Amino acid sequence: MLFRSEVVARYSGPKLTVVQPNHSVVRPVEHFLLGKGITQSGGSGSCIALDIVTRYCANPVILVGQDCGYPDMKVYSSNVTKTAAWPGSTNRFNTLEMVHRKMAMTQEIVYAGNKFGEQVPTHRNLFSYQKEIERIASAHSELQCYNFLSRGVKLKGVQDIFFVEEVEGMLSRPVDKGIEITALLLDEDLRDSIQKALAGESN
């Protein structure tokens, strides 16, 4: 699991070390680290994180925006470090949308269904992450697992939720009101999709 070093440095809470056995990065010193704890999950950091929290009997578990696909053919979410330099290299002949699509098309695209019954583009690595999350969820029958504000594929054994009030109802302490999650992430297209889905359920 990789993190930006400054994020880890700023976090003052307790930290946990978990080793993925036979991983190329830790293999030379693996025998020194196995006592820290191991995970058999892999691929995506989200899969490893889900494996860790379920081993600690966390319940419920709330994933945030776990797409496992390319909603709107975007390979990364907005405002992430990976894409910070992209706007400076775009122009009317090479838009940001085109950059995302070009990167997506370098992968072998496959399609999977989302919660609205639509087909979402993804690729084989993301498809494997989807299956790993589903495997972990199914291995813990008591686990209540939710996916907050996802626009990607439907994860079996994981319930989609859309509103911050739903999240607040599950938490042991209040959400920081300084973080306007829904204002940042719940755009008009997603609102329309949610309204259509809810209207369909009520019919």
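Strands here are DSSP runs of E with at least two residues, helices are runs of H or I with at least four, and both are numbered from the N terminus. Two strands pair if DSSP finds at least two bridges between them. Strand 4 (residues 145-148) and strand 5 are parallel partners over three bridges.

A word on the model: it is predicted, so local features need pLDDT of at least 70 and side-chain atom pairs count only at pLDDT 80 or more, while totals for chains, interfaces and linings use all residues. Residues are numbered from 1 along each chain as its sequence is written, and side-chain values use heavy atoms, with hydrogens and water left out.

Three strands make up an open sheet in the order 1-4-5, with parallel pairing. Its edges are strand 1 and strand 5 (159-161), each of which pairs on one side only. Direction ignored, neighbouring strands of this sheet are turned by 30 degrees against each other on average; the axes behind such angles are lines fitted to C-alpha atoms, for helices over the stretch in contact, and angles run from 0 to 180 degrees between N-to-C directions.

Strand 1 and strand 4 are joined in the parallel sense by four bridges, and Val 64 has Phe 148 in strand 4 as its bridge partner. How are the faces of strand 4 covered? Both are: Cys 145 and Asn 147 on one side, and Tyr 146 and Phe 148 on the other, are all buried. Buried means under 20% relative accessible area, exposed means over 50%, and partly exposed lies in between (1.4 Å probe, protein chains only). Strand 1 has a covered face, with Val 61 and Leu 63, and an uncovered one, with Ile 62 and Val 64. In a regular strand the side chains alternate between the two faces of the sheet.

**Around Val 158**

Val 158 sits in the loop between strand 4 and strand 5. Val 158 touches Leu 63, Ile 133, Ala 137, Cys 145, Tyr 146 and Asn 147, leaving aside residues up to four places away in sequence; contact means heavy atoms within 4.5 Å. Asn 147 is eleven residues from Val 158 in sequence and 6.5 Å away in space, C-alpha to C-alpha.

Here are the accessibilities of some single residues.

| Residue | Relative accessible area | Class |
|---|---|---|
| Val 158 | 4% | buried |
| Phe 162 | 13% | buried |
| Gly 45 | 28% | partly exposed |
| Phe 163 | 35% | partly exposed |

Two of these residues also meet through their rings. Rings of Phe, Tyr and Trp (its six-membered ring) pair if their centres lie within 6.5 Å; planes under 30 degrees apart count as stacked, over 60 as edge-to-face and the rest as tilted. By this rule the count comes to one aromatic pair. The ring centres of Phe 162 and Phe 163 are 6.4 Å apart and the planes stand at 70 degrees, so the pair is edge-to-face.

Strand 2 (residues 109-113) and strand 3 (residues 119-123) pair in the antiparallel sense over five bridges, with Gly 113 opposite Gln 119 in strand 3. Five residues lie between the strands of this hairpin, where Gly 117 takes a positive phi near 80 degrees. The covered face of strand 2 holds Val 110 and Ala 112, and the uncovered one Ile 109, Tyr 111 and Gly 113.

Helix 5 (residues 124-139) has 16 residues and reaches 22 Å from its first C-alpha to its last, close to the 22 Å expected at 1.5 Å a residue; the expected span is 1.5 Å times one less than the number of residues. Among its buried residues are Leu 126, Tyr 129, Ile 133 and Ala 137. What do the buried residues of helix 5 pack against? They pack against helix 3 (45-55), strand 1 (61-64), strand 2 and strand 3.

In helix 3, Ser 46 touches Gln 66 and Ile 133, not counting residues up to four places away in sequence. The side chains of Ser 46 and Gln 66 are joined by a polar contact of 3.4 Å. Such a contact is a pair of N or O atoms within 3.5 Å; within protein, one must be able to donate a hydrogen and the other to accept it, and residues adjacent in sequence count only if both atoms are side-chain atoms. Gly 45 also lies in helix 3, and is 84 residues from Tyr 129 in sequence but 9.4 Å away in space, C-alpha to C-alpha.
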